[in-house]
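Trainee: I'm new to this one. Could you walk me through how to read it?

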Amino acid sequence: MKEKRKIYYLTNAEFDVQISKGMIISMKQTGDSYQTQYADEKLGFGGICILYEDVHKNIVEFFTNDQETYQESGVVRRDNGLSYQAKSSDGTISVSISYELEYDKLSQKIQVINTSEKEITLCDVGIRQACHTEFKWGESASPNVIGHYHIGGNSSHGTYYRVDGEGPCLIFAPQEDTQLLYYDVQKWFNPELNEREQKETEEGKGFTMLYPFAVKRAERAAKKGARLRTQQHTVLLKPGETASFSFAYLWADHFLRAGKRMAQEGLIHAVSIPGYTIPQGTNVQLCLESFWGQSEVKVFCDESKEPISYVRTKECESGTKQYFYEFSFETLGEHTISIYYGKQKQAYLYYFATQPVEILWEKRAAFIASHQIKDETLWYDGLLCEWNNKTGVQLSPDNYDTIGGWRIYEVSCDDPGLAKPAFLSSKQTMLPNQDEIAALDHYLDRFVWGGLQQTEEEPYPYGIYGIPDWHVLRNSKEDGTRGKLHIWRIYDYPHIALTWYNMYLTAVRYPNLKFQLEPIVYLKRAYGTACGMFTIPSEIEDWSAYKTGLYNECVIPKIIAALRENGMKAQADRLETFWMRKVKFFVTECKDVFGSEYPFDTTGFESTFVLAEDGLKVAVFERDDSPFAESIPYEKAVQFMESQHKCNIACRGYLEPSYFGYGSDYRGNSTHYMLSYMSQMGGCSILRHALYYEKEPWEMLRLGYGSLLSSYALMNTGDEVSNYGYWFSGKEHDGAAGGGFEPLYEGKTWLDQPHSGGSWYYSCEIDLGFCGGVRGASCIVAEDPLFGRIGYGADLSKKDNIWTVKRSDAAGKEFHYLSNDKRLHVVLDHGTLAKTAAKYNESDHSLTLYFDTQKSALTGTVTISMLHMVGTLEDGTMLGSNTVQYPLKYGQESIKILLNEG
């Protein structure tokens with residue numbers, strides 16, 4: 001009979017904790033209305049792993065929760081605390097784990113004692129952190145928490161908060177001289193689990209181990225090619241000597257305020273704009289908050305010797321101070337910012353410098369177009385190919401390279417295969433290129449129409465074939481849903497609809513370029529594909545597109561608008577009925593925005609924002625002619641808008657000062673597959689929420705724009721100096737991209753390739769993220785209360801009384817200005833902003849916006865909206881609370897707005 005474990009309770013006004021065998025098996029905040037469980041009840045917080053080397057160079061691993069390697073020697077209970085001891089079975093070491101409950105902090109101290117008569121070397125010391133994360137079909141994901149980790153010296157931290165963004169945030173942080181320098185995921189034997197439970201744990205994602213040092217693990221990873229960010233060390237223990245480590249568990253009332261709490265506790269809280277993935281030459285502004293005096297805080301860049309300038313110091317009401325710095329990167333690739341503070345404390349921030357975003361777009365698009373199959377004898381003629389960034393192998397249905405099993409779909413269809421034309425066509429709407437347009441036409445004509453997608457003459461017009469590829473399915477001997485009718489995967493339709501629509505939009509914007517079809521034909525096929533998403537999967541497989549948020553489906557409202565512009569009212573009404581039915585479901589019925597192809601996924605956050613926005617528009621009767629106006633209550637619309645926004649933020653890096661953490665979406669944890677496509681797509685939604693819906697948008701502007709830049713770190717580009725790429729050197733890889741980022745130094749990617757940390761060597765779905773990057777490209781000027789007047793995607797300069805705003809990141813068609821209560825939004829429907837995007841004259845309070853007319857001199861409209869501002873256009877048009885559609889004349893290069901207030 002299994003021995004029942006003894007549980008000890010520690011409680012006060014802040015903590016409600018249960019401890020067994022030295023581990024925290026229950027962690028709740030006293031009085032939390034949600035009663036959220038933060039600790040995994042079986043694996044817990046606080047278990048210790050030690051790897052030591054004896055005098056004979058034998059390596060021994062010791063776990064404080066493993067009955068095979070330790071002998072428990074008792075528990076000592078004290079007021080507001082307890083101590084637990086475990087001894088190794090060979091008598092070499094003893095580990096003491098003590099917990100002390102203070103008013104607002106639970107301290108954990110660990111002592112490792114050499115109880116032998118010979119010296120030993122501690123090589124790896126780790127502490128387990130297994131939070132309550134268990135996602136199941138049919139159950140709400142909201143009570144689960146995600147572990148967010150930053151491993152960066154003395155200011156390392158773990159934060160745990162609910163995936164719905166509600167409730168308090170639990171902080172785990174090193175104390176005194178303890179650092180965290182390494183982390184990984186372990187799948188250990190747990191004597192508390194039965195055989196079935198143990199098997200489930202082994203097949204799962206495991207649990208996280210955080211290491212004050214991990215020499216042996218780091219050495220093993222380095223031999224496999226890992227680029228280690230921190231230097232490891234060992235600790236020599238003579239007989240009777242002790243090594244001590246100290247940690248604390250803290251509460252913040254919400255994760256958005258956890259940074260302040262950490263600063264008060266002595267950690268360094270960093271805020272960086274425009275994020276941590278930084279285009280080359282962009283000015284970075286960094287704020288470090290702590291209670292340490294400025295004379296004790298020193299900041300240096302890594303071996304690249306990039307200069308860092310101290311700007312100023314600001315005292316905070318909380319007793320901490322904020323220290324401001326400025327710098328930029330000219331050297332491409334990863335950079336470590338080292339911070340020295342206190343008494344020999346160190347903290348590390350991780351940045352990544354890319355080429356300017358416009359160059360990234362150009363290089364990625366050119367790379368995709370140049371890796372196209374052009375052979376009429378092949379069934380996959382026109383395919384835009386996958387590429388192995390490591391070996392330079394171009395993949396095809398005749399060469400899957402290292403991809404095997406069911407994952408071979410990645411090469412030609414599904415989201416990875418359809419991502420490339422989606423991005424390539426999106427780029428054309430901003431920066432058209434005739435060769436790339438020709439490549440898209442070839443892809444659509446030879447690979448899609450009549451191949452991947454059924455034509456109007458076939459049984460299911462606009463149906464899109466799924467995996468493994470359309471050639472296998474069209475020639476299948478099975479007539480059912482696993483063969484000739486495998487056209488039911490809802491996720492595929494938006495990518496192709498977007499590609500057709502982008503070709504329409506580019507043809508309309510740039511009629512001087514050559515296209516294979518008339519613009520209206522592209523639009524009709526976009527319409528047919530969008531309708532097919534709602535009808536075909538539901539009819540064939542009973543798979544409804546109404547209840548799942550899909551990436552790239554935000555194009556549907558644009559297709560509806562284009563249909564109306566072209567006099568196709570019946571088609572627009574039909575598609576809008578489908579779309580508004582989905583809007584109504586999400587706003588009034590959706591209980592869980594996480595369910596997708598898995599019980600927990602982040603794929604819908606771009607979509608749910610657009611659905612929420614359209615629901616809100618109908619609810620406030622901006623569209624009182626809509627049949628859905630009365631069936632979407634305003635309160636429901638507001639509630640859903642805020643709910644999906646909180647979930648989007650909670651499931652991405654917010655407090656992690658690293659390019660692979662900050663802004664990245666987290667699919668259940670932060671230990672694998674980061675910087676996915678939803679980092680940018682969902683980040684675009686956060687940015688738009690900040691621009692249009694936040695009363696105090698500053699933090700969300702930072703997070704949204706940082707997210708928008710984040711996944712560009714996976715773009716492999718460079719120049720001759722950088723050997724054309726940080727991740728994979730060589731000119732043949734210039735313009736390649738990785739599909740995700742692995743923060744751990746060992747493991748396997750989603751596509752099942754072994755990795756040693758860093759970027760994947762297949763692009764997979766990342767081009768979907770770049771679609772979000774194109775959609776979100778904007779020129780933003782903000783009166784940030786922390787940093788002052790700043791630009792996102794913009795360089796600001798002042799001469800005399802004139803402020804000049806230059807586009808810095810990419811060709812955008814939006815200009816935004818935000819102050820405490822004022823907003824100005826300008827959106828072009830044709831063309832882009834010029835390189836010098838705007839000038840503001842303080843003398844007459846005039847704002848002049850400039851347009852790039854080199855590629856498109858067509859007439860178009862500019863949408864101008866204001867909040868708490870009043871102005872006048874040169875022709876006398878009044879601007880204020882109204883939204884104005886202002887027509888541009890042919891070739892017009894600028895507009896001037898006279899503002900009533902400066």
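Mentor: Start with E814 and R688, whose side chains meet in a salt bridge, 3.4 Å from N to O. The term means a side-chain nitrogen of Lys or Arg within 4 Å of a carboxyl oxygen of Asp or Glu. This is a predicted model, where local features need pLDDT of at least 70 and side-chain atom pairs pLDDT 80 or more, while totals for chains, interfaces and linings use all residues. Residues are numbered from 1 along each chain as its sequence is written, and side-chain values use heavy atoms, without hydrogens and water.

Trainee: Where do E814 and R688 sit in the chain?

Mentor: E814 is in strand β36 (residues 814-818) and R688 in helix α14 (residues 677-692), 126 residues apart. Helices (H or I, at least four residues) and strands (E, at least two) are DSSP runs, numbered from the N terminus.

Trainee: Is E814 buried or exposed?

Mentor: Buried means under 20% relative accessible area, exposed over 50%, partly exposed in between (1.4 Å probe, protein chains only). E814 has 5%, so it counts as buried; R688, at 22%, is partly exposed.

Trainee: Which residue does D784 meet in a salt bridge?

Mentor: R702, at 2.9 Å from N to O. D784 lies in strand β32 (residues 779-784), and R702 in helix α15 (residues 698-710), 82 residues apart. D784 is buried at 3%, and R702 is buried at 9%.

Trainee: How many salt bridges does the structure hold?

Mentor: The structure holds 45. Some join up: D414, D415, R489, D492 and E597 are linked in a network of salt bridges.
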